[in-house]
Amino acid sequence: MNITFLAFLIISILVPILSFFIFGVLAPISKGPEKLSTYGTGIEPIGDAWLQLRICYYMFALFFVIFDVETVFLYPWAMSFDILGVSIFIEAFIFVLILIICLVYAWRQGAMEWS
């Protein structure tokens with residue numbers, strides 16, 4: 001094996017182990033009532049902590065991430081359009097078209113409904 005790889009392997013194993021050890025030695029160990037409470041605000045929770053969320057929240061978050069990533073990919077294409085030419089425009093158009101088709105499909109399947 002290469003000596004450089006072996007050195008990086010040893011360092012990558014030792015650094016986390018040493019950092020946990022040093023943290024365990026230097027960290028304060030006082031456990032008062034504030035440390036043992038559920039929340040740092042000191043306010044006791046009311047009711048059950050288990051709260052089931054509807055899938056709609058996750059669907060909208062997923063759609064936001066998809067179209068946010070789309071914007072991130074479209075910006076470099078738009079900035080270098082004059083250099084790259086028409087072929088990149090066609091690729092970007094196909095990319096946006098696929099995303100629009102997916103959005104229409106999700107809309108028709110009822111993924112955008114709150115009821």
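**Entry 1: the overall layout.** I am working from a predicted model, so local features need pLDDT of at least 70. I looked up the secondary structure and got five helices and zero strands. Read from the N terminus, the elements go α-α-α-α-α. I also checked burial for the chain: of its 115 residues, 8% are buried.

**Entry 2: the record against the model.** I looked up UniProt, where the entry is unreviewed, and its "transmembrane region" annotation covers residues 6-27, 55-77 and 83-107. I then checked what the model does over two of these spans. Residues 55-77 come out as 100% helix and 0% strand, with the end C-alpha atoms 34 Å apart. For residues 83-107 I got 96% helix and 0% strand, and 36 Å between the end C-alpha atoms.

**Entry 3: helix lengths.** I wanted to know how the spans of α3 and α5 sit against 1.5 Å a residue. For α3, with 25 residues, I got 37 Å from the first C-alpha to the last, close to the expected 36 Å. Just after α5 I noted Gly110, which takes a positive phi of about 90°.

**Entry 4: how α3 and α5 pack.** Two packed helices are described by the angle between their axes and the distance between the axes, so I looked up both. Helix α3 runs over residues 55-79 and helix α5 over residues 86-109; their axes come within 11 Å and cross at roughly 170°. Angles over 145 degrees count as roughly antiparallel, and α3 and α5 are therefore roughly antiparallel to each other. From α3, I listed Phe63, Ile66, Phe67, Glu70, Phe73, Leu74 and Trp77 in the contact. From α5, the list is Ile88, Ala92, Phe95, Val96, Leu99, Leu103 and Ala106. I sorted the contact residues by type: 13 are nonpolar, none is polar and one is charged.

**Entry 5: what is buried.** Which residues of α3 are buried? I found Cys56, Phe63 and Glu70. The cover over the buried residues of α3 includes α5. In α5, the buried residues are Ile88, Ala92, Leu99 and Ala106. Their cover includes α3 and also α4, which is residues 81-84.

**Entry 6: a look at Ala106.** I picked Ala106, which sits in helix α5. Buried or exposed? Its relative accessible area is 11%, and the cut-off for buried is under 20%, so Ala106 counts as buried. Leaving out residues up to four places away in sequence, I found that Ala106 touches Phe63, Ala111 and Met112. I also looked up Ala106 with Met59: they are 47 residues apart in sequence, and 9.8 Å apart in space, C-alpha to C-alpha.

Technical notes
Residues are numbered from 1 along each chain as its sequence is written. This is a predicted model: local features need pLDDT of at least 70, side-chain atom pairs count only at pLDDT 80 or more; totals for chains, interfaces and linings use all residues. Side-chain values use heavy atoms; hydrogens and water are left out. UniProt positions are given in the numbering used here, feature names are shortened, and annotations may be inferred rather than shown by experiment. Helices (H or I, at least four residues) and strands (E, at least two) are DSSP runs, numbered from the N terminus. Axes are lines fitted to C-alpha atoms, for helices over the stretch in contact, and angles run from 0 to 180 degrees between N-to-C directions. Angles under 35 degrees count as roughly parallel, over 145 as roughly antiparallel, 65 to 115 as roughly perpendicular and the rest as oblique. Contact means heavy atoms within 4.5 Å. Ala, Val, Leu, Ile, Met, Phe, Trp, Tyr, Cys and Pro count as nonpolar, Asp, Glu, Lys and Arg as charged, and the others, Gly among them, as polar. The expected span of a helix is 1.5 Å times one less than its number of residues. Buried means under 20% relative accessible area, exposed over 50%, partly exposed in between (1.4 Å probe, protein chains only).
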